[in-house]
Every structure is written in structure tokens, then in C-alpha cells.
Amino acid sequence: MKVGDLVELIHSSTGVLKGSLGLIVSKSLQATMEPGREDYYLYDIQTLDGKVRRFTESYFKKVNPGLYST
């Protein structure tokens, strides 16, 4: 995933319903200090209500272009 991708949330969260659409606005690496635990990325996603929320990659999937076109 990269900045600018349109994504669909596959899990609900506080204030965000499952199936909501959003746009990735930033990506940051979360380095862990525990041995044996992998580093992971945190994504700031701006939903259609204008709020920015932070998720891991397991909470969303990329939307295929043309799927929601009018």
C-alpha cells in the first residue's frame, strides 16, 4: 500500500463502520523493541467524513479502480 490509495475498511472501529471508504494520507514504520516481533506500518486514513484515523494493514484492503465509478 502507498500514499494516495483508495481503501475499504474490513473491520469496524470507533466511529467508523465496516465497508467505509478512505484515502491513505501517510504511512509510518512502527519499530518494535521486542525480540522476535516484526516491525509493522501504521497508515493514516482519511475517511469520507473528513476525519483522519490510524490503522494497521490488517484493517483495510485496497479498492480496485472502476469498482465504485459512476
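This report describes strand pairing and salt bridges in a predicted model.

## Basis of the model

The model is predicted: local features need pLDDT of at least 70, side-chain atom pairs count only at pLDDT 80 or more, and totals for chains, interfaces and linings use all residues. Residues are numbered from 1 along each chain as its sequence is written, and side-chain values use heavy atoms, with hydrogens and water left out.

## Strand pairing around β1

Strands are DSSP runs (E, at least two residues) numbered from the N terminus, and two of them pair if DSSP finds at least two bridges between them. Strand β1 (residues 6–9) runs antiparallel to strand β2 (residues 21–30), with 3 bridges joining them. Strand β1 also pairs with β5 (residues 60–62) in the antiparallel sense, over 3 bridges.

Glutamate 8 takes part in both pairings: its bridge partner in β2 is leucine 21, and in β5 it stands opposite lysine 61.

## Salt bridges

The structure holds 4 salt bridges, each defined as a side-chain nitrogen of Lys or Arg within 4 Å of a carboxyl oxygen of Asp or Glu. One of them joins aspartate 5 to lysine 62, with the closest N and O atoms 3.9 Å apart. This pair links distant parts of the chain, 57 residues apart: aspartate 5 lies in the segment before β1 and lysine 62 in strand β5. Lysine 62, at 45%, counts as partly exposed, that is, between the buried limit and the exposed class of over 50%.

Aspartate 49 and arginine 53 form another salt bridge, at 3.6 Å between the closest N and O atoms. Aspartate 49 is partly exposed at 49% relative accessibility, whereas arginine 53 is buried at 16%.

How values were computed. Helices (H or I, at least four residues) and strands (E, at least two) are DSSP runs, numbered from the N terminus. Buried means under 20% relative accessible area, exposed over 50%, partly exposed in between (1.4 Å probe, protein chains only).
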